Amino acid sequence: RYIIMYSRAGKVIYTNNDTFNFKVTPGLISSIKEKQKIYFKSDRFDMLGLLYKGRTDDLIIITGAIDTASLEKNEYLLKLMIFLFVISVIIIAITGWTFAQKAMTPLAKLMNEINLLPIHTREARLNMHNTNDEIGQLTRTFNTLLDRIHHAARLQKLFLSAASHEMKNPLTVITSQLQVLQLKSRNVEEYKQVI
């Protein structure tokens with residue numbers, strides 16, 4: 001603890017500690033005279049400046065002390081807050097990881113189902129478990145894509161069938177003409193005409 005007393009004129013009357021190097025400025029003394037009581041901090045000390053009105057003379061008393069109980073409580077509180085922060089980060093990380101795993105499970109099932117779709121069957125589609133969520137919408141879109149691919153493959157098959165049929169007829173006529181031409185010998189002019 002530190003105590004120093006001044007007369008109203010600003011002269012030191014009493015001090016109990018010469019080791020604490022606290023400088024009292026004239027501004028501080030006038031502030032105490034004006035307000036009669038002020039609280040302030042100096043270094044680690046909590047200080048109080050007080051104007052005491054005596055019978056004969058007024059005294060200015062400045063006292064201060066280090067609040068070790070509050071410092072210990074603050075240290076304890078800081079350690080507690082750090083501990084709680086670490087615990088909360090761990091809990092949030094585990095909870096977040098668990099929810100992320102739970103959220104990704106339907107997507108993982110969908111990808112697995114896509115990988116297991118048989119290639120040789122064009123009618124194979126994905127099973128729709130829940131049509132209201134995003135995974136259900138993705139499944140529906142994928143099935144629509146498979147339908148469109150199946151339809152395009154059917155159109156391609158029809159085109160190839162029609163094109164091969166259309167090419168077979170003229171080739172058959174040409175082949176039969178050439179076979180007739182080979183049945184007997186002809187002169188050059190007849191060969192040219194048939195060709």
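Two strands count as paired if DSSP finds at least two bridges between them. Helices (H or I, at least four residues) and strands (E, at least two) are DSSP runs, numbered from the N terminus. With those two ideas in hand, let us walk through this chain.

First, some ground rules. This is a predicted model, in which local features need pLDDT of at least 70, side-chain atom pairs count only at pLDDT 80 or more, and totals for chains, interfaces and linings use all residues. Residues are numbered from 1 along each chain as its sequence is written, and side-chain values use heavy atoms, with hydrogens and water left out.

The score called pLDDT is the predictor's confidence in each residue, from 0 to 100. Its mean over the chain is 83, and 97% of the residues reach 70 or more. Confidence is highest in helix α2 (residues 68–115), at a mean of 90, and lowest in helix α4 (residues 188–194), at 80.

**The strands**

Here are the strand pairs, side by side.

| Strands | Sense | Bridges |
|---|---|---|
| β1 (residues 2–7) and β2 (residues 12–15) | antiparallel | 3 bridges |
| β3 (residues 37–42) and β4 (residues 45–53) | antiparallel | 6 bridges |
| β4 and β5 (residues 58–65) | antiparallel | 8 bridges |

Phe40 stands opposite Met47 in β4, and the bridge partner of Met47 in β5 is Gly64.

Now look at the turns. The hairpin of β3 and β4 has 2 residues between the strands, and there Asp43 takes a positive phi near 60 degrees. In the hairpin of β1 and β2, with 4 residues between the strands, Gly10 has a positive phi near 95 degrees. A hairpin of 4 residues also joins β4 to β5. Gln36 has a positive phi of about 70 degrees although it is not a glycine. Gln36 sits in the loop between α1 (26–35) and β3.

How accessible is Gln36? A residue is buried under 20% relative accessible area, exposed over 50%, and partly exposed in between (1.4 Å probe, protein chains only). Gln36 is partly exposed because its relative accessibility is 39%.

In a regular strand the side chains alternate between the two faces of the sheet. Strand β3 has a covered face made of Ile38, Phe40 and Ser42, while Lys37, Tyr39 and Lys41 form the uncovered one.

Val12 lies in strand β2 and is partly exposed, at 45% relative accessibility. Contact here means heavy atoms within 4.5 Å. Leaving aside neighbours within four places in sequence, Val12 is in contact with Ile4, Met5 and Tyr6. Val12 and Ile61 are 49 residues apart in sequence, and their C-alpha atoms are 9.9 Å apart in space.

The expected span of a helix is 1.5 Å times one less than its number of residues. Helix α2 has a kink of about 35 degrees at Thr105, shortly before the proline Pro106. The bend at a residue is the angle between axes fitted to the seven residues ending there and the seven starting there.

Helix α3 has 49 residues and reaches 71 Å from its first C-alpha to its last, close to the 72 Å expected. Which residues of α3 are buried? They are Gly136, Thr139, Asn143, Leu146, His150, Ala153 and Leu181, and they pack against α2 and α4. An α-helix has 3.6 residues a turn, so residues three or four places apart point the same way.

Two of these residues deserve a visit. Thr139, in α3 (residues 134–182), counts as buried because its relative accessible area is 4%. The side chain of Thr139 reaches the backbone oxygen of Ile135 at 2.8 Å. That is a polar contact, a pair of N or O atoms within 3.5 Å; within protein, one must be able to donate a hydrogen and the other to accept it, and residues adjacent in sequence count only if both atoms are side-chain atoms. Not counting residues up to four places away in sequence, Thr139 touches Leu110, Leu126, Asn127 and Met128.

His150 also lies in α3 and is buried, with a relative accessible area of 16%. Leaving aside neighbours within four places in sequence, His150 is in contact with Arg122, Glu123 and Arg125.
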